[in-house]
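Here's a quick briefing on a few helices and strands. Have a look at the structure first, then read on.

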Amino acid sequence: MTTDASATSADLSLTLDEEGAGRPVLVLHGGGGPATVAGLARHLSRTARTITPVHPGWDGTHRPAWLTGVDDLALVYLRLLHERGLRDVLVVGSSLGGWIAAEMAVRDSAGTITGLVLIDAVGVQVETEPITDVFALDARGVAEHSWHDPDRSYVAPADVPTEELARRHANMATMRVLAGDPYMHDPTLLRRLGQVRVPALLLWGESDRIVTPAYGAAYADAFGNGRLEVIPGAGHLPQLEQPEAVFALVDAHLHRTGDPSLHQ
């Protein structure tokens, strides 16, 4: 992929990858960084114009002092779509990226977004299904809550290269700024999702212990046109543990929604 820098304001230049042709798809990563959605973005770029930004503050990118919340990011990405004159956009978000996608949808007065895919998204408050506090977990605890098979995925911190550990710690520090208080949700978002009428597909790993499938069901029910698909053998990042299942469901949603006449 070719990395590009797109200026959306005087003090913010977005780092992003763009590849492919066809319907525009914006792919938004979660707290683990852009690597967690890289495979999904590559897959989508075969049939769609796929845009994958790095959230400001992740992987060493600059975060302006004014960018302190997920709502700020949502407005940044809506502005990016508008500046590029994009229409009929499918927004795909994983975890924190799913929250950003939902916040974009409730603010999209221009009707730019015509489809959503939220993958194990955070962002809403479900009283009976609290979000696990990942900031309070050690590396082993994060693996046990995030993966269907944590033993296959866990790497002891002592075995992680120093530069990679520093990257992870910096990413988590940015996530604390954007989503630490209130923790991983907007208290008003759940009740506002009913105004979002575009088709929303929510994909959920059945073994996710950060946000449970029951949390995902409540999230899907809150949308005006939401649907939940639970993926066996996967946790919080099903696009990594069960990529073919995720790819098939996202492909079907891409082709089922939108206006093909705009991209011929």
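Helix 10 has Val246, Phe247, Val250, Asp251, His253 and Leu254 as its buried residues (buried means under 20% relative accessible area, exposed over 50%, partly exposed in between, with a 1.4 Å probe and protein chains only). These residues sit on the same side of helix 10, because they cover an arc of only 165° around the axis, taken from the directions from the helix axis to the C-beta atoms. Keep in mind that this is a predicted model, where local features need pLDDT of at least 70, side-chain atom pairs count only at pLDDT 80 or more, and totals for chains, interfaces and linings use all residues. Residues are numbered from 1 along each chain as its sequence is written, and side-chain values use heavy atoms, with hydrogens and water left out.

**More on helix 10**
- Over on the other side of helix 10, you'll find Glu244, His255 and Arg256 exposed.

**Strands 7 and 8**
- Strand 7 (residues 200-205) and strand 8 (residues 226-231) run parallel, joined by six bridges; strands count as paired if DSSP finds at least two bridges between them.
- Leucine 203 sits opposite glutamate 229 of strand 8.
- Helices (H or I, at least four residues) and strands (E, at least two) are DSSP runs, numbered from the N terminus.

**Helix 4**
- Gly141, Ala143 and Ser146 are the buried residues of helix 4 (residues 139-146).
- Their cover includes helix 5 (150-153) and helix 9 (238-241), with contact meaning heavy atoms within 4.5 Å.
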